[in-house]
There are 2 protein chains.
Amino acid sequence: MATTVKRVLIYGGKGALGSACVTYFKGKQYWVGSIDLAPNEMADANILVKPDASWTDQETHVLGEIETLMSGNKLDAVFCVAGGWAGGSAAAKAFIKNADMMWKQSVWTSSISAAISAKHLKEGGVLTLPGAMPALEGTPGMIGYGMAKAAIHQLVKSLACDKSGMPANALTVAILPMTLDTPMNRKFMSEADFTTWTPLEFVAELFNKWMDGTDRPANGSLMKLVTKDSITDVTAAC
Amino acid sequence: MATTVKRVLIYGGKGALGSACVTYFKGKQYWVGSIDLAPNEMADANILVKPDASWTDQETHVLGEIETLMSGNKLDAVFCVAGGWAGGSAAAKAFIKNADMMWKQSVWTSSISAAISAKHLKEGGVLTLPGAMPALEGTPGMIGYGMAKAAIHQLVKSLACDKSGMPANALTVAILPMTLDTPMNRKFMSEADFTTWTPLEFVAELFNKWMDGTDRPANGSLMKLVTKDSITDVTAAC
């Protein structure tokens with residue numbers, strides 16, 4: 001008898017966290033699609049996005065590709081882990097340039113993930129978006145970053161409401177990690193205490209739990225990931 | 001003896017609220033600059049923005065024009081009242097298109113207003129940005145609008161922090177009106193109860209009070225404007 005294959009889509013599947021997710025879900029024999037600027041060779045399918053294309057052009061391209069890939073199947077989950085970091089106060093020369101980059105990297109990807117989910121996520125499926133703990137308050141030294149993340153937090157709340165366009169009983173949450181244990185972070189903060197960083201595999205496993213219905217948070221939650229002595233606590237910010 | 005002329009800049013000075021502000025401040029003999037797509041003939045100076053230009057190009061153009069206009073003078077206040085409205089759930093065809101428009105109309109203008117203020121606002125000056133009450137919660141039927149306004153709310157909090165780039169003792173607040181009593185709203189909601197709408201002159205006068213130091217809210221406040229029986233209450237949301 002044919003078993004039903006679980007299908008997950010990773011937006012940002014070539015990044016540090018995205019790659020960890022692709023590897024983790026392939027290890028579970030799921031069908032894994034990756035959306036990114038470059039292909040992840042481990043994924044079953046890759047959708048490549050042109051960074052110079054407009055927001056609507058990226059949306060049209062990605063939705064068109066997924067339409068073809070899915071051919072009537074539904075996704076069990078969409079995990080958007082795309083994003084980046086750039087600083088800048090209102091007085092910084094790069095303030096607007098960096099705000100523009102943060103918006104494109106985080107909010108374009110998150111909102112296109114929402115559009116994908118509205119069309120292709122199954123009932124009761126999971127959508128996670130990339131939030132950030134600092135954006136719960138003011139972020140004077142990284143204003144563009146804070147605005148983009150605050151927009152994502154509000155997007156999560158919108159998608160959790162009735163008539164948001166999401167499928168019935170879907171779960172939309174943001175993850176708000178403090179510091180992820182990525183190779184880049186190890187390189188640039190080599191003196192830091194790594195036992196306070198959240199391992200990427202922990203996040204992938206958490207996503208899988210939520211898909212399976214284990215410890216599923218309330219719809220619309222902003223879930224803080226706080227790691228201490230290599231133990232990660234997952235708690236709702238609001 | 002020469003009196004010091006007060007200088008205010010209205011971002012969106014050709015819109016309904018912006019025009020009311022230009023008229024009000026000209027009535028007080030202030031120097032009034034307007035930034036918009038079209039000139040406001042009552043303003044002392046107009047900076048015209050090309051809607052097709054990128055975020056950074058608009059910033060460069062506006063900051064360059066202001067540099068010339070100010071020639072060393074400082075602004076008493078920057079009132080950003082630009083923005084618009086468009087709906088769309090995650091399932092709407094126009095979701096991303098409208099989110100893009102909302103971002104450009106509200107967040108580009110607000111962040112450029114912040115950049116202007118960092119450079120040209122005097123110590124103790126006022127910057128107001130256009131917030132929205134519904135964006136304090138989820139906004140499932142107008143997701144792009146909610147994201148843009150949530151970003152502005154967070155921007156206000158960032159600008160109120162130390163080291164945001166704003167001048168000393170400056171006040172940054174967002175106004176969160178329910179419904180403004182504009183000609184457009186009267187046209188499209190002609191059956192509504194206008195005594196629950198906030199008059200534009202009330203907002204202009206409120207701005208002037210804050211400039212003068214009267215009933216000045218805490219820095220970083222989101223100020224709700226709620227009108228009932230033609231009386232408007234102004235209270236901080238957080």
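A residue counts as buried when its relative accessible area is under 20%. By that criterion, buried residues make up 55% of the 238 residues in chain A of this predicted model.

**Chain A as a whole**

Six helices and eight strands form its secondary structure. The radius of gyration of chain A is 17 Å, close to the 18 Å that the globule rule gives for 238 residues, so the chain is as compact as a globular protein of that length. Traced from the N terminus, the elements follow the order β-α-β-β-α-β-α-β-α-β-α-α-β-β. Along the principal axes, the C-alpha atoms of chain A fill a box of roughly 60 × 40 × 35 Å.

With the contacts of chain A drawn, consider those with a separation of 6 or more: residues 24 or more positions apart account for 65% of them. Colouring by charge brings out 21 positive and 22 negative side chains in chain A. The centres of these two sets lie 2 Å apart.

Move to Asp215(A), in the loop between helix 6 (200–212) and strand 7 (222–228) of chain A. Is this residue buried or exposed? Its relative accessibility is 58%, so Asp215(A) counts as exposed, the cut-off for that class being over 50%. Apart from residues up to four places away in sequence, Asp215(A) touches Lys209(A) and Trp210(A).

From Asp215(A), draw a C-alpha to C-alpha distance to Asp229(A): the two are 14 residues apart in sequence and 22 Å apart in space. Asp229(A) occupies the loop between strand 7 and strand 8 (231–236) of chain A. Asp229(A) also counts as exposed, at 65% relative accessibility.

Now inspect the backbone torsions. Most residues other than glycine have a negative phi. Asp229(A), however, has a phi near 45°, a positive value in a residue other than glycine.

Centre the view on Asp229(B), in the loop between strand 7 (222–228) and strand 8 (231–236) of chain B. Phi of Asp229(B) is near 45°, again positive in a residue other than glycine. With a relative accessibility of 64%, Asp229(B) counts as exposed.

Lys122(B) counts as partly exposed, at 33% relative accessibility. Which residues does Lys122(B) contact, leaving aside its neighbours within four places in sequence? They are Lys74(B), Leu75(B), Asp76(B) and Pro167(B). To finish, draw the distance between the C-alpha atoms of Lys122(B) and Asn208(B), which are 86 residues apart along the chain and separated by 15 Å.

Terms used
Residues are numbered from 1 along each chain as its sequence is written. Chains are lettered from A and ligands numbered from 1 in the order in which they are written. This is a predicted model: local features need pLDDT of at least 70, side-chain atom pairs count only at pLDDT 80 or more; totals for chains, interfaces and linings use all residues. Side-chain values use heavy atoms; hydrogens and water are left out. Helices (H or I, at least four residues) and strands (E, at least two) are DSSP runs, numbered from the N terminus. The radius of gyration is taken over C-alpha atoms; the globule rule is 2.2 Å times the number of residues to the power 0.38. Buried means under 20% relative accessible area, exposed over 50%, partly exposed in between (1.4 Å probe, protein chains only). Contact means heavy atoms within 4.5 Å. Lys and Arg count as positive and Asp and Glu as negative; His and the chain ends are not counted. The place of a charge is taken as NZ of Lys, CZ of Arg, CG of Asp or CD of Glu.
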